[in-house]
Every structure is written in C-alpha cells, then in structure tokens.
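Subject: Structure handover, salt bridges

Hello,

Here is the structure for your files. My notes on its charged pairs follow below.

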Amino acid sequence: MDSGIVNGGASSDDILREIERLEAEKKEIENRILLLQAQLNNKTAPDACRKEDDTDRFPRPLVNSLRNGEVSGEGLSADMIYRYSRHLLLPDFGVEGQLKLLKSSILVVGAGGLGSPVALYLASCGVGCLGIVDDDMVELNNLHRQIIHAEAYVGKLKVKSAAAACRAINSSIKLVEHREALKAVNALDIVSKYDVVVDATDNLPSRYMINDCCVLLGKPLISGAALGLEGQLTVHHHNGGPCYRCLFPTPPPTAACQRCSDSGVLGVVPGVIGCLQALEAIKVATAVGEPLSGRMLLFDALSSRIRIVKMRGRSSHCVVCGENAAFTQQNFQNFDYECFTQSPMSDRSSPKLKLVPESARISSKEYKELVDKHEPHVLLDVRPAHHFKISAIPGSVNIPLSILEDKLPTIDLALREAGQVSGKHASLYVVCRRGNDSQRAVQYLNGNGFPLAKDLIGGLESWAQDVDRTFPIY
Ligand SMILES: Nc1ncnc2c1ncn2[C@@H]1O[C@H](COP(=O)(O)OP(=O)(O)OP(=O)(O)O)[C@@H](O)[C@H]1O
Ligand SMILES: [Zn+2]
C-alpha cells in the first residue's frame, strides 16, 4: 500500500503496519525540522553565545556601553545582569520587569514577622529604593520568626538591624531607615516618597491609618496579617479595587484583635505571608501578573490549605475613597486612630486597666511578704491552661478566667485545704500574666461569695521584675 491508506481491500494488519510506517516518517520529518531550526538559530545567534572573554556571558550590546557597572537610562550594568540573571531569564519578567523594579521604591511598614521576609526579598531582588519604618527594638522572643534580625541585634533598633541585613545581601540598592513609628502626623510625608506600601504591622489603628494615607496619596497597599496558625493577604486600592475601609468600614470589637504576644504564632506562618506580600509588591511595582486586588488569600497552616476569596468591590460610600468622600489630608492628620479602633498602636502603650479598688489589690512584694510569713491562703492563677504550663508560681491553683464561673466550688475546696474556713473570710489572691484578667476575676469573685479576693498588681510580669528575677516570662 502506498499513500492510499483507506483501502477497503486491505487487512487490519496491513493498515496497522502502514500507520506505524507513517508515524516513523512523521518523527523523522519533525527531527529534521528541529535540526534546521537549530542551524538557523546558530546563524542568527547574538554574540552572547561566544566565550572569548568573561563579559561574553552578557548580551554584547548592553555590555559594550555599560562596562564598569554604570547603568544607562534603558540598560542594566554587567554586574546587574549577572546578579539578576535568573529574573532576566523569565520570559514574563525579563529585562523590562527588572528595570521597573530597579526604578521602583517600596516602603515596608514594620520590621517584624511579616516585614522580615518582605524586606529581605525586596532588597535581594533589586527594588531601587527600599524604605523600612519601625521604632521597636529587637527582642529575644522575636527571633523565632523575625528572621531578618540576628542575636547580635537584640536590644537594638529593628530598622538598623533590618537595613544591615538587607545591605549585606544587596549593597547596590538604596536603603532608607525610618527610625520612628508611622503615625498620622508623619505618614503623609514618609509615604509620599514611595510608589508602593507594604503593611507589615500588627495592629488595627496602624492598618486603618496606613490605608487612609495610601488612599489620600494614591499608593497601592499590600496588606498582610498572621496570627497563630493562620494568615491572610490582599492588595488594597489598586486598579480601582477596594481599600481596607471599603471592606471594613467599622473596626471589629477590641476582643477580636489579638496579637502574637497574646495568642502566639508559629514562626513560619508570617514567613509564608511575608513572602507572598513581597511577591505582590513586585507584581504591583512591575505591572507583571494579576495582583490580589479585590481578592483575599487565606492560609491555614494546620491543613496546609490556601483559599482565595473574592472580596466586595470598591464601595461608593467609603469615607476615604468613595464617590463623595470628603476625607482630606487635614482630616487625616487630626484623626485619632487609636480612639477610632479602641485599641493601641503599640503593646508598649497598652493601658493598664484599673477595674477594682485599691483595697482589693496587693503588690507582688506585699504578696511575697505574706508567703514568707507562711500566712495560709490560696493563689489563684486565672491564665489559660497552656499559659500555666509555661511557668507558674509554685503552689498556685490554675482556674482559667473563661471557666471561673463554673469552678467556684473548686476554689472553696482549695481554700478549705489551705486551712481557710469559708469564702467570706478567706485569703484568696488572684494572678494572671499582666494584671488585667486577674482584676476581671477579682471583680467577679468579690460579687460572688469571695469578698476578700485580691488582685496581684501587674501579674507575673511584676512578680518577675520585683520579686523573683529568675522567674521565666514570655
Ligand atoms: N505604626 C507603625 N509604624 C511602624 N512600625 C509599626 C507600626 N505598628 C507596628 N509596627 C511594627 O510592626 C512590627 C510587627 O511585628 P510583629 O507582628 O512580628 O510583632 P512584635 O510587636 O515585634 O512582637 P510581639 O507581638 O511578639 O511582641 C513590630 O516591629 C512593630 O514595632
Ligand atoms: Zn475605600
């Protein structure tokens, strides 16, 4: 049979054989095409393929005009080409993407768990100007997740530490250290100097304030959050997408806003979200890909699940970016974000509650005196059980505040065992981590059969500071 394969008279075997023959012929033709294509490429290949000297690793037209590391308006220096070569090799990013990155300026607000990978990646990948703003100091308990800081920087400014780490990776970019907290009074001035802003802070007032500032200045905002074993990120106010206030016009109740220092966080979680924030910042700065505008990425570390949910669009009623928004720079500077969100910008400014009268409180030193005198009493620790396991004052009884109501008989029993007759006249002291929950507990106990219950002022933190310097705090 020749090419007339459709032949009613041929047997099935004949037809199969003919198919095999044609397949082999087709393969041969394909191979010949590949070979010819390769020959054609060689004939038109740029000088970059030649290996006469070292600089021939780089495309010749750029290298010729850009020896000695200088950068032209439209080109990259030989050093830059080598440093960023793996970016340049990406067809979707290439020289154009890298040039845009080198010309961009990005501000990272917060050099903590999120800000660490953000700043490291943005510095290493060649953002032209990288600003880092933070007023905090590095603490030992930051190091498990704030990977930009090293032990040698404990007790020193985070911006200094972060900038040093970035410089060690890439000394060719411009790094700006803003050694202050970003607040309504300084934000317009600082943010206006950058193209893109990354919110890597950990508190609600900063989140609203940074959003409003970015809307007023027309800057895209990459917003991330990580707590416990979960994280999320989105891009605000970009390409007509919603801003943070469009999505959350009123702040959530204070109780819903927890911090890593209260709830804990697995170190890698902010690492994952921070890396994704850096990625979104690069996409926005270079106009490559589809940034997470109007969408939110949710990461669940326990199940290793990542979901992307579509968010509401921009709100025409939004007070900062809506159609009739009258929010001005003047309004912004006078706006009290801590009051609006009912929460502080910094742990350091957390107000110490005063819920019970002085007569229902005792200092840790006074408490130590009565322990030394062997005065019969019960010390009730109202922290959650997993906190109690970390460290506790010897002899204390753990009944978490959340279940106190159901455990009054247990307290009675503990008092009787300690030689106390009844709740009314019993010596009952209450402690927690910082002295806020213990006051809540005392308030409740005083009104429910334990009128003499007293709060240990300042909690375990003040015990560690004023009485037992070896007591482990966390
Ligand atoms: N308005 C702000 N301006 C600049 N930096 C801010 C602002 N708000 C928060 N930050 C910084 O953002 C970082 C957030 O870091 P992170 O969430 O990892 O927690 P942390 O405060 O360092 O530690 P922890 O919560 O465990 O005590 C901190 O370094 C903090 O100082
Ligand atoms: Zn808005």
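A salt bridge here means a side-chain nitrogen of Lys or Arg within 4 Å of a carboxyl oxygen of Asp or Glu. The model is a predicted one, and a search of the whole structure turns up 19 such bridges. Side chains of opposite charge can pair when their charged atoms come close.

Arginine 21 and glutamate 25
The closest N and O atoms of arginine 21 and glutamate 25 are 2.9 Å apart. Both residues belong to helix H1 (residues 12-44), where a spacing of 4 residues puts about one helical turn between them. Arginine 21 is partly exposed, at 39% relative accessible area, and glutamate 25 is partly exposed as well, at 38%. This pair is part of a network of salt bridges that links Glu18, Arg21 and Glu25.

Aspartate 455 and arginine 361
For the salt bridge between aspartate 455 and arginine 361, the closest N and O atoms lie 2.8 Å apart. Aspartate 455 is in strand S13 (residues 454-456) and arginine 361 is in strand S9 (residues 361-362), so the bridge ties together parts that are 94 residues apart in sequence. Aspartate 455 and arginine 361 are both buried.

Arginine 383 and aspartate 381
Here the closest N and O atoms of the salt bridge are 2.7 Å apart. Buried means under 20% relative accessible area, so arginine 383 counts as buried at 2%. Aspartate 381 is also buried, with a relative accessible area of 0%.

Regards

Methods: Residues numbered from 1 in each chain as written. Chains lettered and ligands numbered in written order. Predicted model: local features only at pLDDT ≥ 70, side-chain atom pairs only at ≥ 80, totals over all residues. Heavy atoms only, no water. Helix = DSSP H or I, 4+ residues; strand = E, 2+ residues; numbered from the N terminus. Buried < 20%, exposed > 50% of the residue type's maximum accessible area, 1.4 Å probe, protein only.
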